[in-house]
Structures are given as structure tokens and as C-alpha cells.
Amino acid sequence: MSVRVLLADDEPLIRAGLRAIVDSEDGLSVVGEAVDGAEVPGLVARLRPDVVLMDVRMPAVDGIRATTHLMSTVDNPPKVIVVTTFENDDYVYDALVAGASGFLLKRTRPEEIVAAIRTVVAGESLLFPAAIRRLAARHAPASPGDGLAGAGLTEREREVLRLMAGGLSNVEIAGELYLGVQTVKTHVGNVLAKLGARDRTQAVVRAYDSGFVTPAG
């Protein structure tokens with residue numbers, strides 16, 4: 001089944017480049033383009049993309065506001081990957097908090113863009129985990145805490161969340177904890193449900209924001 005991709009960027013050259021990369025790959029196709037975040041909700045409703053490549057900075061409605069709107073108003077919203085010039089931009093972190101599944105730099109190599117789309121669709125590992133951990137760590141509280149105490153996570157689920165925050169995939173978590181991959185998927189699903197997180201990126205952001213995971217690990 002083809003993965004349907006919507007492009008949202010105010011720069012025609014960027015959209016053209018992304019379209020060429022995506023459409024050249026088997027199983028991926030661009031189904032539409034937006035020149036501003038204001039156009040994204042209508043296009044998502046009409047085209048039902050699986051993934052939106054969303055410029056974080058656009059003239060009228062930026063990628064953060066567009067992502068927030070999608071996550072709050074669309075049933076089963078698409079995965080959002082924000083596209084940015086600077087990795088440490090606070091806009092990127094705000095987009096992750098809003099519900100984006102990851103981010104790409106505009107200088108990212110074509111093969112990494114394709115891999116990023118496939119990664120967020122699969123949902124079994126973080127997109128560029130080291131970069132997301134660095135970004136989340138910059139916004140973590142100065143001292144550790146247990147801001148997730150009220151979430152009702154079991155001890156095993158807490159272990160799984162720590163490993164997720166460390167950037168491990170489901171397969172890697174299974175190896176670390178000597179569990180079956182399907183069992184890990186069940187634990188991850190429970191963690192997401194209890195945290196009210198749409199995917200593992202939001203769960204990791206919550207883990208850092210709450211002090212449950214610290215920059216030192």
C-alpha cells in the first residue's frame with residue numbers, strides 16, 4: 001500500500017525537491033502541496049495523507065499552529081514531520097509538543113528523508129533519536145522528579161519508557177529486557193495510552209518534561 005504524503009512549505013523549490021525525492025520511491029507518493037499552514041487542514045480532510053512534511057516557519061500559519069490544529073480537530077490525523085533549517089530551534093520542540101512525530105533538516109540527504117517517512121509510518125522507533133533526545137533534554141527540568149507518578153505505569157512500563165527515551169526501537173527493547181517483540185509492542189501501547197501520547201515521540205517528550213528521564217539518563 002502506498003504511503004500518501006502531503007507537502008507544506010512556502011518555498012516552491014523546497015516543495016519541488018521533496019516531491020522529486022518522494023515520488024521517485026516505490027510505495028511513496030505526493031498527493032498534494034500546501035504553500036501555508038492555513039491550507040493544511042482542508043487538504044488533509046480531502047486527500048487523507050499518511051504523512052505531512054510540514055515547514056516549521058510559514059508566513060500566515062506556521063507549522064506549529066497547523067500541527068496543533070490537526071491533532072485537536074482531525075480524527076486519526078496524519079503523522080507530521082516538521083522540516084526546519086536549524087536543529088536546535090525552539091520552534092521544532094514546540095512542534096514536537098504539539099504532536100509532530102519528528103523533524104528533518106532542510107539539508108537532509110534524500111535517502112534519509114525517505115527513511116524518515118517510513119520510520120514515522122511504522123511507529124516502532126524514534127526518528128533521529130539522538131537529535132530528539134538532545135532537544136528534549138534542553139527543555140527538561142533542572143532536577144529529576146517523578147511527574148509521571150499519577151499515570152499509573154507499571155514497573156515494566158516504566159522500564160520500557162526509559163528505553164524508549166533512550167532511543168531504542170521495539171526490537172532493541174525486546175533484546176534488552178529479554179521479551180518478545182509483540183510483548184514490547186503491548187507495553188509501548190499501554191505507555192502511550194496511559195500518558196495520553198499519540199506516539200512514542202510525544203511519550204519521550206513527556207518523559208523529559210516531567211523529570212522522569214533526565215539529560216544524564
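Student: How many Å² are buried between domain 1 and domain 2?

Tutor: Buried area is the accessible area (1.4 Å probe) that two parts lose on being put together, summed over both. In this predicted model, where local features need pLDDT of at least 70, side-chain atom pairs count only at pLDDT 80 or more, while totals for chains, interfaces and linings use all residues. Residues are numbered from 1 along each chain as its sequence is written, and side-chain values use heavy atoms, with hydrogens and water left out. The area buried between domain 1 and domain 2 is about 1100 Å², and carbon and sulfur atoms give 49% of that area. Tyr93, Glu124 and Leu126 supply 48% of what domain 1 buries against domain 2, more than any other three residues.

Student: How many salt bridges cross the interface of domain 1 and domain 2?

Tutor: A salt bridge is a side-chain nitrogen of Lys or Arg within 4 Å of a carboxyl oxygen of Asp or Glu. The rule finds two across this interface. Lys79 forms a salt bridge with Asp199, with the closest N and O atoms 3.8 Å apart.

Student: Which residues touch the most other members of the largest nonpolar core?

Tutor: In soluble globular proteins, nonpolar side chains tend to be buried together. A nonpolar core is a set of buried Ala, Val, Leu, Ile, Met, Phe, Trp, Tyr and Cys residues joined through side-chain atoms within 4.5 Å. Buried means under 20% relative accessible area, exposed over 50%, and partly exposed in between (1.4 Å probe, protein chains only). The largest core has 57 residues, of which Val40, Met54, Phe103, Leu161, Met164, Ile173 and Leu195 touch the most other members. This core draws at least three residues from each of domain 1 and domain 2. Apart from it lies another core of 19 residues, including Leu7 and Ile113.

Student: Is Ser210 buried or exposed?

Tutor: Ser210 counts as buried because its relative accessibility is 17%. The side chain of Ser210 reaches the backbone oxygen of Arg206 at 2.9 Å. Arg206 itself is partly exposed, at 35% relative accessible area.

Notes
Domains from an automatic or database assignment. Polar contact = N/O pair within 3.5 Å; in protein donor to acceptor, adjacent residues only side chain to side chain.
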